Amino acid sequence: MSIQWFPGHMTRAKRQIQDKLKLIDIAIELLDARVPLSSRNPMVDEILHGKPRLIVLNKSDLADPKTTEKWMTYFAHEGHECVSVDSSTGTKVGEIPIKAREILQDKINRQISKGINPRAVRGLIVGIPNVGKSTLINKLAGRSIAITGDRPGVTKGQQWIKVGTQMELLDTPGILWPKFEDQLVGFRLAMTGAIREQILNIDEIAYFAIKELADRYWPALQERYDLETPPSDIEDNQEIVRIMEDIGRRRGCLIGGGRVDLEKASGIILRDLRAGKLGRITLEAPYDNMPVRKK
Ligand code: G4P
């Protein structure tokens with residue numbers, strides 16, 4: 001379900017998370033490893049307000065592993081612990097309770113030294129819609145849990161879900177909004193499937209996808225669709241459309257007069273990209289000149 005985020009929704013979502021923060025020891029900020037910047041809420045530091053935090057790069061099965069490593073280093077420079085996981089299979093999700101405990105170790109040690117028997121670490125998963133919050137909660141819980149839909153404002157009794165013996169999670173994740181006023185962010189989220197096609201035009205999303213892929217992942221694109229010539233200039237609209245048409249022809253998306261059905265070709269391109277058929281692709285890399293916020 002896609003959310004229409006109006007200022008009132010954002011204020012309510014922020015307040016709901018801040019209410020939940022009072023109950024927990026650590027926030028688990030879930031990002032999409034393919035688009036760690038675009039899937040990040042622009043106000044997350046303000047919202048989490050100094051709460052201990054673990055960053056989790058989800059969908060790492062679909063992301064370029066080398067770039068995921070770079071992102072882990074980037075977030076470490078920012079002062080955050082970070083793990084990369086695949087919530088759909090559960091790969092590496094077991095690192096989450098271990099890392100969470102490590103982050104809180106000083107607090108736990110202080111409790112022990114005062115003779116207090118530390119309880120399980122309490123966590124809250126936060127992230128934008130479709131980043132995989134429900135999937136991760138289910139994997140960590142080891143069972144299927146009915147999780148409230150992606151609508152800020154929906155309230156229900158909060159339950160603690162046991163994750164092994166050392167961690168508990170709130171069953172309702174904190175839903176954050178993306179930085180959607182930035183068009184680039186909108187397109188990148190649409191390419192990965194986080195924003196539904198009803199909001200943006202499918203041809204436009206695929207056009208944008210081909211432009212980004214031709215720039216960063218031409219060999220993957222060439223191999224998947226048996227393409228011959230790369231675009232001479234990725235800023236040239238006609239060159240990008242030519243690639244889309246070539247793909248359409250290769251996939252039999254033809255309409256009368258030998259013309260290519262671009263909408264059909266666009267659907268194929270996006271389905272392939274989202275399903276990882278073009279290989280493991282990351283659309284955003286941390287650059288050396290990126291601002292690094294040290295804690
Ligand atoms: P949300 O609660 O944050 O809104 O996200 P949710 O868990 O519903 O996950 C959104 C989609 O992402 C789901 O796809 C889910 O299976 C997929 N997903 C979550 N984590 C991972 C991961 O680590 N790897 C991969 N490959 N996929 C992941 P879906 O059920 O097919 O739903 P749809 O969005 O296609 O309708």
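**A charge pair and its surroundings**

Modeller: Lysine 99 is partly exposed, because its relative accessibility is 21%. The scale is simple: buried is under 20% relative accessible area, exposed is over 50%, and partly exposed is in between (1.4 Å probe, protein chains only). This is a predicted model, so local features need pLDDT of at least 70, side-chain atom pairs count only at pLDDT 80 or more, and totals for chains, interfaces and linings use all residues. Residues are numbered from 1 along each chain as its sequence is written, and side-chain values use heavy atoms, with hydrogens and water left out.

Lysine 99 makes a salt bridge with glutamate 81, with 3.3 Å between the closest N and O atoms. The two come from distant parts of the chain: glutamate 81 belongs to strand S3 and lysine 99 to helix H4 (residues 95-103), 18 residues apart. A salt bridge here is a side-chain nitrogen of Lys or Arg within 4 Å of a carboxyl oxygen of Asp or Glu. Helices (H or I, at least four residues) and strands (E, at least two) are DSSP runs, numbered from the N terminus. In general, side chains of opposite charge can pair when their charged atoms come close. Glutamate 81 is partly exposed, at 35% relative accessible area.

Across from glutamate 81 in S3 stands leucine 54. S2 and S3 run parallel and are joined by four bridges. Strands count as paired if DSSP finds at least two bridges between them. S2 also pairs with S1, again parallel, over six bridges.

How many residues of strand S2 are buried? Six of the six (residues 53-58), so the strand is largely enclosed by the rest of the structure. Both faces are covered. Arg53, Ile55 and Leu57 are buried on one side, and Leu54, Val56 and Asn58 on the other.

The whole structure holds 22 salt bridges. One of them joins the side chains of arginine 40 and glutamate 78, at 3.3 Å from N to O. This pair also links distant parts of the chain. Arginine 40 sits in the loop between strand S1 (26-32) and helix H2 (44-48), while glutamate 78 sits in the loop between helix H3 (65-77) and strand S3 (81-84), 38 residues apart. Arginine 40 and glutamate 78 are both buried.

Now a pair within one helix. Glutamate 245 and arginine 249 form a salt bridge, with the closest N and O atoms 3.9 Å apart. They are separated by about one helical turn, because they lie four residues apart in helix H10 (residues 237-250). Glutamate 245 is partly exposed, at 28% relative accessible area. Arginine 249 is partly exposed too, at 41%. Elsewhere, shared partners join Glu29, Arg40, Asp45, Arg53 and Glu78 into one salt-bridge network.

Next, the loop between helix H1 (7-21) and S1, which holds aspartate 25. Aspartate 25 counts as buried, at 10% relative accessibility. Its side chain makes a polar contact with the side chain of arginine 119, at 3.0 Å. A polar contact is a pair of N or O atoms within 3.5 Å; within protein, one must be able to donate a hydrogen and the other to accept it, and residues adjacent in sequence count only if both atoms are side-chain atoms. The side chain of aspartate 25 also reaches the backbone nitrogen of arginine 122, at 2.6 Å.

Last, the ligand. An N or O atom in the side chain of lysine 59 is 2.9 Å from a ligand oxygen. For a polar side-chain atom of aspartate 86, the distance to a ligand oxygen is 3.1 Å. Asparagine 130 uses a backbone N or O atom, 2.8 Å from a ligand oxygen. The protein covers 64% of the 720 Å² of accessible area that the ligand has on its own. That area comes from the Shrake-Rupley method with a 1.4 Å probe.
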